[in-house]
Amino acid sequence: MMMMKLIPIYTENLKGRQNYTIFIDKQTNLTYKAFQKEPRQATYWIAFFIVLAILRGIQEISITITNPVAILLFLTLTVLGILSGKLYYKKFVYEEIKEIYLTESMIKEYIERGKRGFKLEIKIAVISLVIVLLLALLFFISHSIILLIFMFFTFVFFIVYLFRLPVERFHFYK
């Protein structure tokens, strides 16, 4: 069985509504719709308190990190960030993906409407990459574990956005 390479062409994000993304399989020209998962309010609070507990616990720890250990920590968290971002995107961003039937003109209209969101997604990805690089630089200067943790979470966010920006998507908007 051949694996589908789905390219997001349009995302609808409206407050108070079920948001969705329209995908196209470039090989078959079939279109798909995936509703975005809506995390519950409790999920946000649990994540907030976990991060708060981790940061407070790390604040009490005072360890000296040598350059080789800093590099090893950075590389380890970079690999973990890539894997976590990929897992998060594949498992937690969308509900079930269903095939939908669109005419050629509807597909072109969705691609045209998707350009605005695409530009915003590129800006968000670039800003998050700049933040990751800045936090990484500050980590190597100060060897602060808190900076490394913030870099990790920002890097996961960046990786999730990269999955929404495959190279093929750039070709649709040219």
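Among the 31 residues of the largest nonpolar core, those that touch the most other members are Ile9, Tyr10, Ile22, Leu102, Ile107, Tyr110 and Met151; such a core is a set of buried Ala, Val, Leu, Ile, Met, Phe, Trp, Tyr and Cys residues joined through side-chain atoms within 4.5 Å, where buried means under 20% relative accessible area, exposed over 50% and partly exposed in between (1.4 Å probe, protein chains only). At least two residues of this core come from each of strand E1 (6–12), strand E2 (20–25), helix H2 (67–92), helix H3 (104–142) and helix H4 (145–163), with helices (H or I, at least four residues) and strands (E, at least two) taken as DSSP runs numbered from the N terminus.

This is a predicted model, in which local features need pLDDT of at least 70 and side-chain atom pairs count only at pLDDT 80 or more, while totals for chains, interfaces and linings use all residues. Residues are numbered from 1 along each chain as its sequence is written, and side-chain values use heavy atoms, with hydrogens and water left out.

The structure also holds four salt bridges, each a side-chain nitrogen of Lys or Arg within 4 Å of a carboxyl oxygen of Asp or Glu. Arginine 164 pairs with glutamate 121, their closest N and O atoms being 2.8 Å apart; because arginine 164 lies in the loop between H4 and helix H5 (167–172) and glutamate 121 in helix H3, the pair ties together parts that are 43 residues apart in sequence. Arginine 169 meets glutamate 121 in a salt bridge as well (2.9 Å, N to O), and both of these residues are buried. Through shared partners, salt bridges join Glu121, Arg164 and Arg169 into one network.
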